[in-house]
Amino acid sequence: MVPYKPRVAILVPGGIGTGKFNTGIPVLQSIIQLLSEQFVLTVFQFHPVNPGYRADGFELQVIQNRGSLFRFMAFFFQFWRRHRVKKFYAVHGFLVWSPGFLAVLTAKIFNLKSVVSLLGSDTTSIPSIQYGQLMSPFRKQIIFWTLRQAHVTVSLTQYMIDLLKSQGFVGGNFKVIPWGIDQRVFNFKLKPIHSPARFLHIGNLAPIKDQVSLLRVFKLIHDKIPSVLTIIGEGQMESQIRKRIDELGLQNFVTIHPQQPYESMPAFFHNADVVLHTSLSEGQSEVVTEAMSCGVMVCGTHVGLMNDLPECCF
């Protein structure tokens with residue numbers, strides 16, 4: 001007899017079969033693959049997938065309509081079509097706006113369980129760089145309503161819950177469950193410190209990652225000890241970052257690589273002595289988790305997982 005597997009709908013803004021090398025959000029793809037072993041999954045994604053991508057072990061329905069209203073209507077229609085044939089047990093939205101909001105609303109309409117996962121930008125407001133979903137008063141109220149109505153809200157870190165409370169949020173049923181790591185891939189290796197010391201930074205080249213501070217910090221380090229810095233990432237600030245490297249006289253000591261295949265990342269960690277992490281805010285930061293799993297020291301701002309670590313790690 002085939003064992004019974006509850007049917008679950010998962011709503012994601014993107015991250016499945018997207019980006020270079022179909023990498024998307026690797027840990028999200030891994031989580032969905034693992035969940036598919038225990039549940040019958042239908043994933044509704046609000047971002048187109050790369051040509052040729054095929055989901056393995058779960059159904060993937062892409063909702064591409066432009067504009068929130070038409071996108072929401074398209075989702076409800078696709079959900080209803082499937083639900084009337086075989087009932088869903090629960091709806092899980094990753095990122096509060098809008099997948100989490102739709103998950104809670106759908107669960108209320110069809111009398112189902114609802115789960116919302118916080119990812120980072122949905123708990124943040126940083127006006128100086130125009131970042132964070134809580135910057136909009138209207139969206140802030142929707143997010144707060146969603147979190148109060150969800151049966152369970154999963155937060156990657158306590159840091160995100162504290163951010164919400166600092167914005168006036170009260171209530172909610174929170175569970176802190178960080179994203180894990182595949183230690184078969186990101187395996188621990190002991191190694192001596194290199195000379196010159198090898199520093200590594202991985203992240204989108206964007207204001208939220210604050211590579212301006214990264215370069216300022218590395219300049220201070222480089223003035224004290226022989227050292228080199230490898231940056232892996234792409235984004236809107238690349239030209240500004242390259243210009244800043246030149247201004248600081250670091251042309252021969254800083255190397256920028258474009259985004260790399262996920263399976264090649266352990267080699268970069270194993271070649272590094274220290275990961276520098278300068279984000280202004282993070283949900284968790286998989287880079288920190290991956291670095292520590294590989295045995296690399298992490299020096300970073302007090303956000304995401306770095307905020308949650310015990311004092312013995314500082």
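Five strands make up an open sheet, ordered S10-S9-S8-S11-S12, and their pairing is parallel. The edges are strand S10 (254-257) and strand S12 (297-300). Each of these edge strands pairs on one side only. From one strand to the next, the twist averages 25°. The model described here is predicted.

Within this sheet, strand S8 (residues 197-202) runs parallel to strand S9 (residues 227-232). Six bridges join S8 to S9. Opposite His 201 stands Ile 231 of S9. Helix H6 (residues 211-224) packs on the sheet. The strands touched by H6 are S8, S9, S10 and strand S11 (274-277). The direction of H6 makes about 165° with that of S9.

Seven strands form another open sheet. Their order is S3-S2-S1-S4-S5-S6-S7, again with parallel pairing. At the edges lie strand S3 (59-62) and strand S7 (174-176). Both edge strands pair on one side only.

Strand S1 (residues 7-12) pairs with strand S4 (residues 90-94) in the parallel sense. Four bridges connect S1 and S4. Ile 10 has His 92 in S4 as its bridge partner.

The packing of two helices was also examined. Two packed helices are described by the angle between their axes and the distance between the axes. For helix H3 (residues 96-110) and helix H4 (residues 137-149), the axes come within 9 Å. The H3 and H4 axes cross at roughly 45°. H3 is therefore oblique to H4. The crossing in which H3 passes H4 is left-handed.

On the H3 side, the contact is made by Val 96, Trp 97, Gly 100, Phe 101, Val 104 and Lys 108. H4 contributes Arg 139, Ile 142, Ile 143, Trp 145, Thr 146, Leu 147 and Gln 149. Eight residues of the contact between H3 and H4 are nonpolar, three are polar and two are charged.

Definitions and conventions. Residues numbered from 1 in each chain as written. Predicted model: local features only at pLDDT ≥ 70, side-chain atom pairs only at ≥ 80, totals over all residues. Heavy atoms only, no water. Pairing = 2+ DSSP bridges. Helix = DSSP H or I, 4+ residues; strand = E, 2+ residues; numbered from the N terminus. Axes fitted to C-alpha atoms, helices over the stretch in contact; angles between N-to-C directions. Contact = heavy atoms within 4.5 Å. Parallel < 35°, antiparallel > 145°, perpendicular 65-115°, else oblique. Left-handed = near helix turned anticlockwise from the far one by under 90°. Nonpolar A, V, L, I, M, F, W, Y, C, P; charged D, E, K, R; others polar.
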